[in-house]
Amino acid sequence: MSFFNAPTTTATTAVQGDKDIEVADPPSDSISSLSFSPQADYLAVGSWDNNVRIYEVSQNGQTQGKAIFPHQGPVLSVCWNKDGTKVLSGGADNAARMFDTQTGQPTQVAQHDAPIKCVRWIEMPQGGILVTGSWDKTLKYWDVRTPTPISSVQLPERCYTLDVVYPLMVVGTAERHIQIFNLTNPTSPFKTIVSPLKWQTRVVSCFPQANGFAVGSVEGRVAIQYVDEKDVSNNFSFKCHRRDASAAAKDQSLVYAVNDISFHPVHGTFSTCGSDGTINYWDKDARTRLKSFEPAPGPVPTTSFNRNGTIFAYAVSYDWSKGHSGMTPGHPNKIMLHACKDDEVKRKPAKR
């Protein structure tokens, strides 16, 4: 681990302002994952340059790099533990690592037979554990103090995405399988479904109330799914991250992947971001879009709200949606901070 040498950069506008703020000293390669600490405005960033960076975001919009620690391959996922003292990361080196923000020491805490696509911290009644989802088609639970997993779950296919809001965990795999776990019984899913969307699953994200989840796919569509049978009448899907192919051909659409879905921690509204370079805020209960903006040319691969929903972080970098051939020189690698205004993220009042 080493601390960034760059000085604190003063942003031209405070986070409260209208202009989104660029984080100083971003990664040198594509950004795969963003995660805010649940306790303070620290942002963990995973990148294809094999490193995890931790930034401090101050009230006046300044950002400062606080720490960096390496993997031996691209970093694919980052998260924090509940008290904000540890950053967990998984990568293409088949390992998960834990960085202790108090001692500055990284340690390896998990191992798979293939890249680890997702890491999430689960705060159980008996204490916190780490879950890792891998392309080796397994899910593993870890007590980070011991080198062997507590248990391992066989998945139907490679893990592409997972999310946890205790006691709900949802795992999306290749071939459109979705497994839903009640973490009071973490070793077997209580429900397995095929995604309601016709194309490959890119992201799943649990509702803050833990009663359902959103699914995003590569073909510009999102599905809202409730867990309980009594609520399934509220399930629906909608198109997003699409454009008319041309002014003349209104019936033909260019379709882009939905890369990430982030729920607002206070209002329960959510964001989607896509390969088209746009970000949308949505109210699922009113079934309406609250805001749309196109922050910069280039795909938006990942997003994160801070703990109280006042800051929205998003990355602008190549998202590998066009494979290796799409990785052309000159792609930006930026992390931006957007000040959330109430009228953007608050739910619409119910119609009488």
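**Burial, salt bridges and a core**

Author: His 338 is buried (under 20% relative accessible area, with over 50% being exposed and partly exposed in between; 1.4 Å probe, protein chains only), with a relative accessible area of 5%.

Reader: What kind of model is this, and how are residues numbered?

Author: This is a predicted model, in which local features need pLDDT of at least 70, side-chain atom pairs count only at pLDDT 80 or more, and totals for chains, interfaces and linings use all residues. Residues are numbered from 1 along each chain as its sequence is written, and side-chain values use heavy atoms, leaving out hydrogens and water.

Reader: Where is His 338?

Author: His 338 is in strand E30, residues 334-339. Strands (E, at least two residues) and helices (H or I, at least four) are DSSP runs, numbered from the N terminus.

Reader: Which side chain does the side chain of His 338 make a polar contact with?

Author: That of Glu 344, at 2.9 Å. A polar contact is a pair of N or O atoms within 3.5 Å; within protein, one must be able to donate a hydrogen and the other to accept it, and residues adjacent in sequence count only if both atoms are side-chain atoms.

Reader: Switching topic. How many salt bridges are there?

Author: The whole structure has 17 salt bridges, each a side-chain nitrogen of Lys or Arg within 4 Å of a carboxyl oxygen of Asp or Glu.

Reader: What does Asp 100 pair with?

Author: Its side chain forms a salt bridge with that of Lys 86 (3.8 Å, N to O). Asp 100 lies in strand E8 (residues 95-100) and Lys 86 in strand E7 (residues 86-91), so the pair ties together parts that are 14 residues apart in sequence.

Reader: Are those two buried or exposed?

Author: Asp 100 and Lys 86 are both buried.

Reader: And Arg 242, what does that meet in a salt bridge?

Author: Glu 219, at 3.4 Å, N to O. Arg 242 lies in strand E22 (residues 242-244) and Glu 219 in the loop between strand E19 (212-217) and strand E20 (221-226), so this pair ties together parts that are 23 residues apart in sequence. Shared partners join Glu 219, Arg 221 and Arg 242 into one salt-bridge network.

Reader: How many residues are in the largest nonpolar core?

Author: It has 16 residues, and Ile 122 and Tyr 141 are among those with the most contacts inside it. A nonpolar core is a set of buried Ala, Val, Leu, Ile, Met, Phe, Trp, Tyr and Cys residues joined through side-chain atoms within 4.5 Å.

Reader: Which strands supply it?

Author: Strands E10 (116-124), E11 (127-134), E12 (138-142), E14 (159-165) and E15 (168-173) each supply at least two residues of this core.
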